[in-house]
Structures are given as structure tokens and as C-alpha cells.
Amino acid sequence: MSFCKLHMPKHDTTVILEDESGEEYKTTYIAKRTALSAGWKAFSAGHKLVEGDVLVFHLVSSSRFKVYIVRAFKSNKLDGVFCLRNVNVHAKPIRSIRMKRRKRTSNKAKCLELLPLDNVENNSLMVLDTNNECLVDQYDNDSKDPGSGFLDGIRSLASIIDFKDIKSIDGFIIIVNGSRIDTELSKYHRTKYYELCCSQNSFLHEHLLKNISSKLAAEIITETVSIVEAIKACKLSTSQADYILWDKTLKGFELLGMNVGFLRARVNQLMTVALELQEAVESEKCKVIVEQDHLKEEKKSLELKLAKLKEAMDRLDAEIETLKPSAEKHELIFQEEVNASW
């Protein structure tokens, strides 16, 4: 099923788009068309979207998206960070996004249709490529390679530092598309991320999409560390829903170029082992329950027999009590015979 059928309301409603700076835009979601209408034009114009820009939609609640923008054109650098709003003045503004290419009626974006994609699993992340006019859910194992299609021409810049040359965390520098983002991470997350990179002897973010924002890259790294900590803390009782959520989130990060395949493999391994062990426990539990039910029935039967025996004993005790006067009478008759004259 498509992303919208799985996650979006079945009726028209207001959907909030929140950009990276926290500014909110109200749009109207049209359920029948799975499209964003009123308000989308303002969002597009406000962010100067152009053909070729890639938008990442993160569904944070039933009617709210956190939207990240990966620019098709480089902006001027400001303090080492890409300023996303200053785009190439020669770039064309995006037009309406449709299920199929239709006659262009305007050179500005009026309506964003949330395009369904067949054979895509349930997730909360979508990527919109304005150049190819396609909204893509996170791809599954049978889908197209992430390096093709809307990712054509979008490549991460090679890191200027070889991870093998890093001897300690003091020399660990996180660079995304030429911008250093260490300050975007807490000391804890930076340390844990360094340990994670050491385990693979490489920068996990090395192949993130070209021109991806520093804030989005930092959030991906932070969430990756959080998932790793959750994996380490999981127990046999951890629900399958948690494993599925972790896998889907990591799957989305893979789509953006993050090297987390080894984490997905671990999650799926743990999910399989946990499922097998839980099935074994459930099987043994069923056997114990059956035996317990059998013993309960047997106990009930014995209690019934015991009640009948007690009833019989009470009846016999009563009969003994009724025989006592007769025995006393016979004793008197016997004593009269004993004391009779010679």
C-alpha cells in the first residue's frame, strides 16, 4: 500500500509543514487525490524551491510533517554552513507535482500530490525529488537501487579525512558536504558515533546525499546513535513493533546515503532470534497450560471424591450414634442375667 493510505487521514484535513527553522505552514490535504493543496504554494515560494531540489518529509504526527530541503544548487557558504534559502537565481521554480506529466499551466508550484508507490512497506519518511516529479517512500529490498532515478547526479563529496588515519576521538571530525557539523551534536552523541564509526573503520555519513543540510545530517547521526543504544538495551520481551520501527528508520537513513546496513542486519537478526525464542517459550507455555488444566480437572475430581467419602463417614458416624442406646439396653439385659439367682 502507498504511504498515504497507510499513514494519512481518509478525509480532507489540515496538515502542518514545519521547516528546519521551525516555521510552520498550514496546507490542505486532499484525501481523494492524496495531495497537498492550499498552503503548498506559500511553502514552495517561501523556500524558493526549484526543479531538482529534494524534499524529505518526516511524518512526526498524524497531520504534521517535518520537512528538510536538499538543494539542487549550492548556496553561498556562511560560517562553513550552507545557507539553504539563497538558491541559484537561474534555477526554474518547481511546478505542480502530478501523478503523470501534464501540460504545464504555471511556472510556480500550486499543488503537491503525494504520489503512491507500489510494494513499499509502512514507514514515516518520504523523499520528494522536484526534478523527476516523484515522491518516493523508503525503498525495500526488491526496489530500485538508491543510486539511480531521483538520486542520479546527487552524490556526497568525498571526505577530506581518511578515517583510518584517526587515532582517537580528539582527531574525529564530522564533515558533511564540506561543512563541519561537530557542534550540531552533543558530546555524548559525538562520542558514541565515533565508537560506531570505529566498529566499521569508516565514516558512516561519508556517502550522504550531496548538499544535504547540516541539521538533517546531525539529526540522522543522533537518531542512529539512539537506535544503537535501544538495540543494546533490548530484551527478549522487546516487541516486534520496536524492531520494525528501528529497521524502517534505518532504512530511511540508507535512502539518504547513511551507511547503516550493518545495523539493519543486526536488528533483523535480533528480530528473528527473538521471534524464534518467543515461539519456543510460547510453545512450552502452551504445554504447561495444558498440563495445568489437566491437573486442575484431576484436583476437582479428587475433591469431589473426597467430599463423597466425607459424606459417607458422616453417615456412618450417625449410624454409630443411633446404635449406642441399643448397645446400652443389651448391656443391661446381659447384666441382669449375670446377677440372676443361682
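The protein has six helices and 12 strands. The model is a predicted one. Of its 342 residues, 39% are buried. Take the contacts between residues at least 6 apart in sequence: 58% of them join residues at least 24 apart. The accessible surface comes to about 20300 Å². Carbon and sulfur atoms account for 55% of that surface.

Start with a pair of helices. Two packed helices are described by the angle between their axes and the distance between the axes. Helix 3 covers residues 187-200, and helix 4 covers residues 214-233. Their axes come within 9 Å and cross at roughly 70°. An angle of 65 to 115 degrees counts as roughly perpendicular, and helix 3 and helix 4 are therefore roughly perpendicular to each other. On the helix 3 side, the contact is made by Tyr188, His189, Lys192, Tyr193 and Leu196. Helix 4 contributes Ile221, Thr222, Thr224, Val225, Ser226, Val228 and Glu229. By class, this contact of helix 3 with helix 4 holds six nonpolar, four polar and two charged residues.

Now move to helix 5, residues 240-255. Just after helix 5, Gly257 takes a positive phi of about 100°.

Which residues of helix 5 are buried? They are Tyr243, Trp246, Asp247, Lys248, Leu250, Lys251, Gly252, Phe253, Glu254 and Leu255. An α-helix has 3.6 residues a turn, so residues three or four places apart point the same way. Both Lys248 and Glu254 are on the buried list.

Beyond the residues up to four places away in sequence, Asp247 touches Arg264, Val267 and Asn268.

Gln240 also belongs to helix 5. Is Gln240 buried or partly exposed? At 23% relative accessibility, Gln240 counts as partly exposed. Leaving aside neighbours within four places in sequence, Gln240 is in contact with Met271, Ala274, Leu275 and Gln278. Thr272 is 32 residues from Gln240 in sequence. In space, the C-alpha atoms of Gln240 and Thr272 are 9.5 Å apart.

Notes
Residues are numbered from 1 along each chain as its sequence is written. This is a predicted model: local features need pLDDT of at least 70, side-chain atom pairs count only at pLDDT 80 or more; totals for chains, interfaces and linings use all residues. Side-chain values use heavy atoms; hydrogens and water are left out. Helices (H or I, at least four residues) and strands (E, at least two) are DSSP runs, numbered from the N terminus. Contact means heavy atoms within 4.5 Å. Buried means under 20% relative accessible area, exposed over 50%, partly exposed in between (1.4 Å probe, protein chains only). Accessible areas come from the Shrake-Rupley method with a 1.4 Å probe; for residues, only the protein chains shown count as cover. Axes are lines fitted to C-alpha atoms, for helices over the stretch in contact, and angles run from 0 to 180 degrees between N-to-C directions. Angles under 35 degrees count as roughly parallel, over 145 as roughly antiparallel, 65 to 115 as roughly perpendicular and the rest as oblique. Ala, Val, Leu, Ile, Met, Phe, Trp, Tyr, Cys and Pro count as nonpolar, Asp, Glu, Lys and Arg as charged, and the others, Gly among them, as polar.
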